[in-house]
Amino acid sequence: RLLPLAAAAPATADLSVQMWARALFALCMHFPVYRTYATAAGLDPADRHRLDQACAAALVTLGPGERLALQAISGWLSGDTAIASKPGRDALQRFRTSVEQLTAPLNAKAVEDTTFYRHGVLLSRNEVGSHPAHFALDGDGFHRACLERAERHPLALLATATHDHKRGEDTRARLAVLSRRPDWWAAQLERFERHVPAPLGEAVPAWFRAMLWQSLVAAWPLQGGAADDAHADRMRQWATKALREGKQASSWADPDTRVERGSDALVALATGEAGALRAALADAAAELGVPGARNGLVQTLLKLTCPGVPDLYQGSEGWDLSLVDPDNRRPVDYRRRRAWLDDARGWDDLLRQWQDGAVKTRLIARLLAVRAKHPALFAGDYLPVDALRTVSGPLLSFRRSGGDAQLWVGALLDAPLPDAHGDGLLLPLGDGEGHEVPLPRGTWRNLLNDSVPSLTGGRRVATSTLFARSPIAVWATL
């Protein structure tokens, strides 16, 4: 597709095939996104800026002939170089399409399927559509992103799990806890490493073990709290795929059987019926359980209430502790999910007995019902509420309004652990006292907890009243 364009341009007709190939190679290597979206007129300003970035980085790696070739390619892709004849314009459009079809899978293979299996700082950030260097948003940044989304892409999908994710949405939610507890996690790593036999420590690289420990504790089973044979098989499959995708210690083309046998043995030791390593991992997973589940509820709440259209991947109606494919494509237990929909327990009891996943299903079912009945509410305004730091940590809250309805959404981030055994995800008694948020006029009812009485708005309301010991709260005037 490129060479006919090159041959038809007098300024570049004498450049060799190898020069064109090296120029195109350098451009693709430095391309910062999956692809551009060219039209017959070329690129819009945002895509033009991305192309200019890539060209600037590529130019310094090329010789004079290749630089000339790259400048010509840039002109064709951006729309700066006009072609008079219709056959020439058709050839140019085919070339642009081919470049966009090339850069997308190249980027995916380089980033998602290589770098994400090498960069083990915090695996919850190694996700499709994410960037490990973009660590977090503060409350103001989150609100700005939502306001921009409401203005530019109000009907775009909000997806937190897909057939192609690297880790399930609740696996990532548990890992996110580590970002707030780095000293604790460092101590856990030391404990894990003490129980790695020397031969396995030599066979399995330390950088890979750091990723393996994160994956093990994040995907540790909730029901019964014990790893089983199925869990062990899933972790072995993940470890083998991760080693091969990373292409450092093993690869699909040239598997290193010594490293992979060592990895299998380490997973077996970690998930066996007994042993110090298994006990250490189980203890760490148990400590991540409550804060990780709270993160999972917050994530689900935001997906269902922020600007956009929530996309729920099959199986994620309960806790989604899956790993990369094929693990995230296992059959879904729909009978269990139907039972969750019919569960008669109250919201407080669901929070106490959170491990079975029914609390997440209740949240999803209630909010989807409201979305179906009041679509104007979720197509309406997004109104940030000023950030507030309570005794439970930062409070993220906003309102949606549309038609005659209003919605108030609140989430307590990094909430403290309950002070009574068996309270599960419930906050400690008296949590939130002394802190208030404004609630507009109207009669407000709690959409999650039917046992909480309605409120009259037009005043400031204590956060302890709005949350009623729950880590999330949704109130509406419907």
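How are H11 and H12 oriented to each other?

## Helix pair H11 and H12

In this predicted model, helix H11 (residues 229-246) packs against helix H12 (residues 257-271) at an angle of about 150°, and their axes are 9 Å apart. H11 and H12 are therefore roughly antiparallel to each other (the term applies to angles over 145 degrees). Axes are lines fitted to C-alpha atoms over the stretch in contact, and angles run from 0 to 180 degrees between N-to-C directions. Helices are DSSP runs of H or I with at least four residues, strands are runs of E with at least two, and numbering starts at the N terminus.

H11 contributes His231, Ala232, Met235, Arg236, Ala239, Thr240, Leu243 and Arg244 to the contact, while H12 contributes Val259, Glu260, Ser263, Asp264, Val267, Ala268 and Thr271. Contact means heavy atoms within 4.5 Å. By class, 7 nonpolar, 4 polar and 4 charged residues make up the contact of H11 with H12.

Strand S8 (residues 443-446) has Trp444 and Asn446 on its covered face, with Thr443 and Arg445 on the uncovered one. In a regular strand, side chains alternate between the two faces of the sheet.

S8 pairs with strand S9 (residues 455-456) in the antiparallel sense over 2 bridges (pairing requires at least two DSSP bridges). Thr443 stands opposite Thr456 in S9. S8 and strand S11 (residues 472-477) also run antiparallel, joined by 2 bridges, and Asn446 stands opposite Trp475 in S11.

## Basis

Residues are numbered from 1 along each chain as its sequence is written, and side-chain values use heavy atoms, leaving out hydrogens and water. Local features need pLDDT of at least 70, side-chain atom pairs count only at pLDDT 80 or more, and totals for chains, interfaces and linings use all residues.

Notes
Angles under 35 degrees count as roughly parallel, over 145 as roughly antiparallel, 65 to 115 as roughly perpendicular and the rest as oblique. Ala, Val, Leu, Ile, Met, Phe, Trp, Tyr, Cys and Pro count as nonpolar, Asp, Glu, Lys and Arg as charged, and the others, Gly among them, as polar. Buried means under 20% relative accessible area, exposed over 50%, partly exposed in between (1.4 Å probe, protein chains only).
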